[in-house]
Structures are given as C-alpha cells and as structure tokens.
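Try each task before you read its solution.

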Amino acid sequence: MRTSSLTARRRASIPPYRVLRLTGLALFSVVFSSGAQAWNALGHRLVAAIAWEEMRADTRAATTRLLREHPDYPRWLKRAGEGTTAQDNERRIFIESSTWPDEIRQDARFYSVGKGEPTTTLEGFPDMERRAGWHTVGIPLEGFDATPISGQLDRRLPELIGALGRPGSGDVSANPLERVYALPWVIHLAGDSHQPLHTSARLRADGQWDKQGQGLDIRNPFNRRKPTSTLHVFWDDLPGTSRLRGDKFDAAAHALATAHASVNRSTDTRRWIKESWQLARNQAYPALTPETTEPVEIDAAFYEASREIADRRIAQAGFRLAAVLDAAFSASVRPPENHRNQR
C-alpha cells in the first residue's frame, strides 16, 4: 500500500491491530438515525482513504483535477482543513468528497422526487435531485436473479464508472460536467455496494418487505449510547464514530488495509453486490423464526462476527475503488498530441 511520508510518520507509533480494535469497540457510536445511509461517514472516509493510498500517482492527480471543478469543492476544502503538504490537501479533499451523496439528503438546495418541488438547478450540477434510490438495490433473499423490489445501485454504479472513462477505449466517454458529477458518486457507491444490507430485501412473516433491515428492530447491549435501533442502523454504525480524524483516523485506515490486504480486488460491480447479498442472506441477520419477537437481542458472537465482516468489506471496497479508478482514468487520458505519431 502506497503511503505518503506524512501518513507513514503518523502511523508509525500506533500498533495497527490495536487501533482496529479501538475503532470497532471503544469508538463505536451512532451517526445516522434513519434511512438507508449505508456505512456511516467514518466508513465512507475509510474506504476513500484506503483507495487513495492504493491508487497510482496519475490517478490521484486526475481525481484531484476533477474534484476541484465540483461546485461543492469549497465546502469540502473548508471542512477538510489545511494539510501540511499539497499532497495531504489533495488526499483530504478526496476523503471528504466520499460522504457528499449522503450529505445532500439534508441539503435544502436539493430535492427528493415525489416529496417536493424541484429546486433551482445551480451552476455545475446536472440537476438538484438527491437520488436516494442510487444507494441501494433490494434484491429478494430468495434468489439473486430475482427482480429487485427497489433501488438502482446495481445499474447506476457501473453507469457512473463508465462516465469516468471506458476502460480500454482510450476515449473520454462523458463531458466534463458529467465526469465531475460522477466521481464523488463512484467513491461513495463503492462503499454502499459493500454494505450487506444495501443489496437485500427480506420477506417478513407478515408478508411485508423488510427493506435492507429497516423493518427489524434490535437491541444491542454493546452500544450503551443507542441500545436499540433497526438492524440497518446497527450495520451502518459498525465502522465506529464519525468524529474520528487526524492521526487516529490514519492509523485506523492503515490497520484495516493491513489486516485485509489479501482480499479479492475484483472490479466487477455485479460481483460486489452479489457478495453483499450473500452476506445479507447468510450472516447479516441474527437468528430469526416466525415466533421471534422484536426487538431482537444481539449476542456477543453475532456482534463480533458482524464487526469483522464490516472491517473486511470496508477494506475491500477501498482496494476495489482504487482499481476501478486506476482503470477508468488510465483509459480516459488521451496521449499528448506530439506522441501520437511517434514510431
């Protein structure tokens, strides 16, 4: 994993696996209280941080150029704070952009289809729709090839990756506005697609769909701040507290990447979603029977297994995001004019 001298110095004094344990247990807290948000803000930042260290230098430069053109770049810059080097500033912006698709859900500049009138389209945006359906795909647990009952994640993620550049074509497949808009979505949805409960739909005993675990109330004795929630929120918050920043954040990202360096790094987004769906079917729900009453008590074994799955999927999303962006930007950069005719 490539590391800058700054982040290497930050990490040197903190044992990686100790930080991993602290991140998963002692720093656990709740950020989102409702809705299908996927990983909380820390989860998405960890995915982006791992991807940044894995990407080629030219991919980092290309993503930096695009993010600077985004209308909300000044907001990310203000929130990221000033780094000690230009490279550190670029890294901070890349990481901050990862949470943007969730943040616009509460942004008055944007609107939700069917829940209000369209807002004025601001310069630099194709429109101001929040696109909540892009974050999930509700595939029934009865079979992966079943027709999804909701969501567009399975379709939108490959489309957005395609907007950055068609791998192998040597051509730019979208206009600059589309590419600028697509990049933070790709960074974000890479994380969403690796959250097990963002790809599933369970049919409850009462005949209603439990969309992404939002219809199952649980009791979690391992979280004193919020001992009850939905199963979806439980999974969202497994990465830890979104207040984690600075040296501790860098160490947590490094710990995850180190612990899971051998994971499969496929760039096939259908595979990403199928893996998450399989985890939802086989491991993401506590034991349930028709007689189960709610809230369902989370035991230590389920909690620990879920935390390990979350750690692995976040790291895997980071590695895979790096591979996708390396491929997309390698394909989308045209060779300089004076090199095209050289023999």
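Predicted model: local features only at pLDDT ≥ 70, side-chain atom pairs only at ≥ 80, totals over all residues.

**Exercise 1.** Find the salt bridge between glutamate 53 and arginine 60, and work out whether the two residues are buried or exposed.

Start with the rule: a salt bridge is a side-chain nitrogen of Lys or Arg within 4 Å of a carboxyl oxygen of Asp or Glu. In this pair, the closest N and O atoms are 3.9 Å apart. Next, check burial (buried means under 20% relative accessible area, exposed over 50%, partly exposed in between, with a 1.4 Å probe and protein chains only).

Residues are numbered from 1 along each chain as its sequence is written, and side-chain values use heavy atoms, with hydrogens and water left out.

**Exercise 2.** Decide whether glutamate 129 and arginine 131 count as buried or exposed.

First, their side chains meet in a salt bridge, 4.0 Å from N to O. Glutamate 129 has a relative accessible area of 13%, so it is buried. Arginine 131 comes in at 15%, so it counts as buried too.

**Exercise 3.** Which helices hold glutamate 275 and arginine 320?

Their side chains form a salt bridge of 2.8 Å, N to O. Glutamate 275 lies in helix H12 (residues 269-282) and arginine 320 in helix H13 (residues 300-332), so the pair ties together parts 45 residues apart in sequence. Helices here are DSSP runs (H or I, at least four residues), numbered from the N terminus. Both residues, glutamate 275 and arginine 320, are buried.

Key
Helix = DSSP H or I, 4+ residues; strand = E, 2+ residues; numbered from the N terminus.
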